[in-house]
Structures are given as C-alpha cells and as structure tokens.
Amino acid sequence: MNRTDKVDRIKFKKFFEENGLKDISYYSFLWENERNFEENYIQNTHAQHDNLIHVYENTAINLLCESKYESDNNSVIEFTFLSEKTFRALAFPRPFILIGQKNSLKNIKALGFRTFSDIIDESYDELEDKDRMKKIEEIILDISKKSKEEIYDMWEKCIEIYEHNRKSIFYHVNSFEDFFKKTFPNEYTVMNAEYFASIERTKKLKIFQEVQVLLELIIL
C-alpha cells in the first residue's frame, strides 16, 4: 500500500497517469487520498491478506512498490529492505514486478522463493536505480498492451511458482527466525520484524482459504 509520498513513488504515479494505467488498475496513493478500490478499499497501511483477496482475484499482475527503492551504497552494510508488501505478494497466486532496491529479487531467491523470469524480463533487478525504473516502466507498458488471452497464458505458466512460494512461506512459519539469521545475518535485525508480521498475515490467509474450501464443499 503506497502510503508515504516517496520520490520513487511520485515518479511512478506520474508514469502511471501519463500512460493511462489508472483506468485498468487497482491502485493506492494514500498521501493524496487517492483510491479506486471502492467500498472494499483498505486504508490500513498493513492490510490483512483476506481483506485484499478481492483485489488479487481481479488483477493479472502485482506492481509492488517496496518501502525502499534507492540502493544503500553509502551504508556500512548494504541490505535489501523487504517488507510485508513483498511477502504478501509471494503468498498470492499472481506474478509481480518488484519496484524496489537493486538485487531484491536475487535476495528473495536466496530465501528459497521463486520469481517470474519465465514470463517477465527480470534483468531490471540487476540495474542501477535510474536504469532499473526505466526498464520496469518498459516492461509494464509491454504487459499492458497484451490481450486477455495472453495475460491468462502468462498467469497459467506460473501456477507451479505460486504453489512453491506458498509452501515455502508455510514451511518457514516454525523456523523463520533461524532461517533468516543464517541466510541474512547482517540484515536480520532490519528484516525480522516485517517478516514476523507477514507470517502472521499468511497464517490468517491459510485459515481464510480453509474456510472458503469448506464453504465450497458445503455448497457443492
């Protein structure tokens, strides 16, 4: 959820408007109180998974604006900031483009997750800040021009990835602390709080889905 008016988000909003993408998207730019989620719009910064299911069910791809975009080259320890936004995207069966720091996808893969290089040119992840945004914009425009049939084909090709990522999140529920310390020892103190929160939301999603399945069985 884009709550804070950061430089990269303002630039992305301008790109979004100039290319007519708002009319075909769900979006949030909360610093200007803009939204088109209608009555189901979630104003919470950290919206629960089950509150956003209607959004994911009606979209083909998630344009994920992380909390931090600029590379941390001046820091003693360069780290990738991954918030609940990323892990929420990993929990849902949709491809995503991560508008975040350089090597974000690389570090997500290091955690055991899979991304969408089979259908999206993910070379943007390796580019420097300015070039990365330009490449992301090109990819988004290309996808926006695809037919519904082409979009569905893209989505269907990723079913195995969705299942892998969902299982990976559930797998780490009981061991995520040791896992994070081992995988990213320097970044652990920065990343752990957001991941803990995301895990809790994922648990709620699992419960919600089990209820949905039960209801479907009853209806059938």
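A salt bridge is a side-chain nitrogen of Lys or Arg within 4 Å of a carboxyl oxygen of Asp or Glu. The legends below describe a predicted model, in which local features need pLDDT of at least 70, side-chain atom pairs count only at pLDDT 80 or more, and totals for chains, interfaces and linings use all residues. Residues are numbered from 1 along each chain as its sequence is written, and side-chain values use heavy atoms, with hydrogens and water left out.

Figure 1. Glu17 and Lys13 form a salt bridge in which the closest N and O atoms are 2.7 Å apart. Helices (H or I, at least four residues) and strands (E, at least two) are DSSP runs, numbered from the N terminus. Because Glu17 and Lys13 are 4 residues apart in helix H1, about one helical turn separates them. An α-helix has 3.6 residues a turn, so residues three or four places apart point the same way. A residue is buried under 20% relative accessible area, exposed over 50% and partly exposed in between (1.4 Å probe, protein chains only). Lys13 has 8% relative accessibility and therefore counts as buried, whereas Glu17, with a relative accessible area of 37%, is partly exposed.

Figure 2. The side chains of Asp129 and Arg132 meet in a salt bridge, with 2.9 Å from N to O. Asp129 and Arg132 are 3 residues apart in helix H5, so they are separated by about one helical turn. Which of the two residues is buried, and which is partly exposed? Arg132 counts as buried at 1% relative accessibility. Asp129 is partly exposed, with a relative accessible area of 22%. Elsewhere, salt bridges that share partners join Lys13, Glu17 and Lys22 into one network. The structure holds 8 salt bridges.

**Figure 3. A salt bridge between two loops.** Lys102 forms a salt bridge with Glu128, and their closest N and O atoms are 2.6 Å apart. This pair links distant parts of the chain, 26 residues apart: Lys102 lies in the loop between strand E4 (96–99) and helix H4 (104–110), and Glu128 in the loop between H4 and H5. Lys102 has a relative accessible area of 23% and is therefore partly exposed. Glu128 also counts as partly exposed, at 40% relative accessibility.

Figure 4. Asn103 is found in the loop between E4 and H4. Although Asn103 is not a glycine, it has a positive phi of about 70°. Most residues other than glycine have a negative phi. Asn103 counts as partly exposed because its relative accessibility is 24%. Thr80 is placed in the loop between E3 and H3, and at 6% relative accessibility Thr80 counts as buried. From C-alpha to C-alpha, Thr80 and Asn103 are 7.4 Å apart in space, and in sequence they are 23 residues apart.

Figure 5. On a 1 Å grid over the protein atoms alone, a cavity is a set of points where a 1.4 Å probe fits but cannot get out, and a pocket is an open set with protein on both sides within 12 Å along at least five of seven lines; lining residues have an atom within 4 Å of a point. Grid points are joined across faces, edges and corners, and a volume is the space filled by probe spheres set on the points. The largest pocket has a volume of about 1100 Å³. Its lining comprises 36 residues, of which Tyr26, Thr59, Ala60, Ile61 and Asn62 lie nearest its centre. Among the elements that give two or more residues to this lining are helix H1 (7–18), strand E3 (62–65) and helix H3 (84–91). In H3, 8 of the 8 residues are buried, so this helix is largely enclosed by the rest of the structure.

**Figure 6. The largest cavity.** How many cavities of 30 Å³ or more are there? The count comes to 1 cavity, and about 30 Å³ of space lies in the largest cavity. Ala60, Ile61, Pro95, Ile143, Ile151, Met154 and Trp155 line the largest cavity. H6 supplies the largest share of this lining, 3 residues. Ala, Val, Leu, Ile, Met, Phe, Trp, Tyr, Cys and Pro count as nonpolar, Asp, Glu, Lys and Arg as charged, and the others, Gly among them, as polar. By class, the lining of the largest cavity has 7 nonpolar, no polar and no charged residues.
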